[in-house]
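Subject: Handing over the structure

Hello,

I am passing this structure on to you, and my notes follow below it.

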Amino acid sequence: QVQLVESGGGSVQPGGSLRLSCAASGSIFSIDTMGWYRQAPGKERELVATITKGGSTNYADSVWGRFTLSRDDAKNTVYLQMNSLKPEDTAVYYCHLNFRRRWYENGLDAWGQGTLVTVSL
């Protein structure tokens, strides 16, 4: 079993910054892709950013240039630095990772419980 603990959400004014963290623990042999998704009220969950084990990143067009994703494999942790936040960034942000419990097993998906980010005056 794998546990994901998210932190760093909250309320901020437009133009402000927040940093989200997601730490994974449990039965993990290796973590392949890590990332963040978000779901705004009344909308479907969407990709925010992902990072591979090799460090390649992928960002949604809406956050490119404002958000920075990084990972610390020694801590099984992924970080999302969010700058120049806009009201449309308001959403519940979910951590996601694809991991292996053993080297010979297929990858599995795990999701965090979600952390709320609110951007408003």
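Let's start with W111, which is partly exposed at 39% relative accessibility (buried means under 20% relative accessible area, exposed over 50%, and partly exposed in between, with a 1.4 Å probe and protein chains only). Before going on, please note that this is a predicted model, where local features need pLDDT of at least 70, side-chain atom pairs count only at pLDDT 80 or more, and totals for chains, interfaces and linings use all residues. Residues are numbered from 1 along each chain as its sequence is written, and side-chain values use heavy atoms, with hydrogens and water left out.

**Aromatic pairs**

A pair of aromatic rings is described by the distance of the centres and the angle of the planes. Here, rings of Phe, Tyr and Trp (its six-membered ring) pair if their centres lie within 6.5 Å; planes under 30 degrees apart count as stacked, over 60 as edge-to-face and the rest as tilted. By this rule there are two aromatic pairs. One of them joins Y37 and W111 edge-to-face, at 5.1 Å centre to centre with 65° between the planes. Because Y37 lies in strand β4 (residues 30-39) and W111 in strand β10, this pair ties together parts that are 74 residues apart in sequence. Strands (E, at least two residues) and helices (H or I, at least four) are DSSP runs, numbered from the N terminus.

The rings of W103 and Y104 have centres 5.5 Å apart and planes at 90°, so this pair is edge-to-face. Both W103 and Y104 are exposed.

**R45 and its rings**

R45 lies over the face of W111, 4.7 Å from the ring centre. The charged end of R45 also sits over the ring of Y94, at 3.7 Å from its centre. A charge sits over a ring if NZ of Lys or CZ of Arg is within 6 Å of the ring centre and within 35 degrees of the ring normal.

**Loop residues**

E105 is in the loop between β9 (91-100) and β10 (108-111), and E105 is buried, at 17% relative accessible area.

N76, in the loop between β7 (67-72) and β8 (77-82), has a positive phi of about 50° although it is not a glycine. S84, in the loop between β8 and β9, is not a glycine but has a positive phi of about 50°.

Best wishes
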